[in-house]
Amino acid sequence: MQNIYTDLAMEMAEGLDTDNLTGIEMDVVEQDSTKITTIHVVDEQGANTLGKPMGSYITIESPEIKQNNFTAHEEIMGILVRQLALLRDGLGIDDNGTVLVIGLGNRDVTPDALGPKVVEGVLVTRHIMGTLPEELLGGLRPISALAPGVMGMTGIETAEVVKGLVGNVCPQLVIAIDALAARSINRINQTIQLTDTGISPGAGVGNRRAALDEATLGVPVIAIGVPTVVDAATFVNDTLDIFLAGMAEEAPEHLRDGAEFFRMLTQLEEQDKYAVIRNSLEPAVGNMFVTPKEIGEVVKWLAGIIANGINIAMHKGIDMDDINRFMY
């Protein structure tokens, strides 16, 4: 049986018997159109069950993320700030500790450009801390940011680049931002995942690189990611489910109840159906991933939400008015 590509801990938890899980704690909170799912993997048994390292995984879902709605984006950013602050405080990062922000991905490939675009919106201050007026010193911390590119362009593992930076910048915390892959088309461009376990770039699309985590870098790593792609087999699988649901509602009775092929499709286990689709597609189209046509605009909105979420959560004395004054 083949695994479906996904970076989301909540998707990996789907299908598990959540009432009888050992080593995994899960909580879901809904606020208007936004759902916040928190998963704590508390021991090795839980890590083995979920297939994710021990730590916390927070997922923010809202269809408003991919809409051109400034008010909704500010509300989602506020949720992101609070959840990011919880992870920061849980790691014991003090108010003045240096933070290094790393934007993973390829800025020339739109679905993979989230990390570099977030870096463009981060309020970097490490280079000016010695010249700031006294009234600003208490509200800002030293922050550095870099988009190191991808190994195909540099010939250097991202983890090697970041490890060198950590050795020189000496941050208390690294925040890594990356585009992710999802198992469901309904989570593309409308889901933000935060975790204090770091990240393995490319893992969700089967191209795992060296991990960026505390074991590799020697400092805590918070990862922020958004699924911007699904693999082609997932897209076809979800489309087929929508089609079958429509057939069950609207098709003539003799097609719904009497067609052997229709009955076979509806009775297939999800993993088996996905495996059949993937095995049929890959010889024809290869390992293909798909993304919505509006991805350029959505990545721009997402980058703003995440960059300003980082700015406000990490600089304790500023708000959106200050960001607008400092950045624009």
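Biologist: Among contacts between residues at least 6 apart in sequence, what share joins residues at least 24 apart in the protein chain?

Modeller: The share is 74%. This is a predicted model, with 14 helices and 9 strands in the protein chain. Of its 328 residues, 49% are buried.

Biologist: Why is Met320 called buried?

Modeller: Its relative accessibility is 15%. Buried means under 20%, so Met320 counts as buried. Met320 lies in helix 14, residues 320–327.

Biologist: What is Met320 in contact with, leaving aside its neighbours within four places in sequence?

Modeller: Met320 is in contact with Glu74, Met77, Asn308 and Ile312. A contact requires heavy atoms within 4.5 Å. As for Gly309, its C-alpha is 9.5 Å from that of Met320, and the two residues are 11 apart in sequence.

Biologist: Is Ser184 counted as buried or exposed, and what makes it so?

Modeller: Ser184 has 15% relative accessibility. The limit for buried is under 20%, therefore Ser184 counts as buried. Ser184 is found in the loop between strand 6 (173–181) and strand 7 (191–195). Not counting residues up to four places away in sequence, Ser184 touches Glu11, Val230, Thr234 and Asp238.

Biologist: Where does the backbone nitrogen of Asn186 lie relative to the side chain of Ser184, and what makes that a polar contact?

Modeller: The nitrogen is 3.1 Å from a polar atom of the Ser184 side chain. The cut-off for a pair of N or O atoms is within 3.5 Å, so the pair at 3.1 Å meets the distance limit.

Biologist: Which residues touch the most other members of the largest nonpolar core?

Modeller: They are Ile175, Ile192, Ile224 and Ile310, in a core of 46 residues. Helix 13 (residues 295–314) gives the most to this core, with 13 residues. Beyond four places in sequence, Ile175 touches several residues, including Val99, Val101, Ile222, Ile224, Ile310 and Met314. There is also a second, separate core of 28 residues, which includes Ile24, Val166, Ile199 and Leu212.

Biologist: How do you know what span to expect of helix 7, and what does it reach?

Modeller: Helix 7 (residues 158–169) has 12 residues, and 16 Å is expected at 1.5 Å a residue. From first C-alpha to last, helix 7 reaches 16 Å, which is close to the expected value.

Biologist: Which residues of helix 7 are buried, and why are they placed on the same side?

Modeller: Thr158, Ala159, Val162, Val166 and Val169 are the buried residues of helix 7. They cover an arc of only 105° around the axis, so they lie on the same side of helix 7. On the other side, Glu160, Gly167 and Asn168 are exposed. The cover over the buried residues includes strand 4 (99–103), strand 5 (143–146), strand 6 and helix 8 (214–217).

Biologist: Why does Cys170 count as exposed?

Modeller: Cys170 has 56% relative accessibility. Exposed means over 50%, so Cys170 counts as exposed. Cys170 is in the loop between helix 7 and strand 6. Its phi is near 55°, a positive value in a residue other than glycine.

Biologist: What is the phi of Asn189, and is Asn189 buried or exposed?

Modeller: Asn189 has a positive phi of about 65°, although it is not a glycine. Its relative accessible area is 1%; buried means under 20%, so Asn189 is buried. The loop between strand 6 and strand 7 holds Asn189.

Conventions:
Residues numbered from 1 in each chain as written. Predicted model: local features only at pLDDT ≥ 70, side-chain atom pairs only at ≥ 80, totals over all residues. Heavy atoms only, no water. Helix = DSSP H or I, 4+ residues; strand = E, 2+ residues; numbered from the N terminus. Buried < 20%, exposed > 50% of the residue type's maximum accessible area, 1.4 Å probe, protein only. Polar contact = N/O pair within 3.5 Å; in protein donor to acceptor, adjacent residues only side chain to side chain. Core = buried A, V, L, I, M, F, W, Y, C linked by side-chain atoms within 4.5 Å. Expected span 1.5 Å × (residues − 1). Arc of directions from axis to C-beta.
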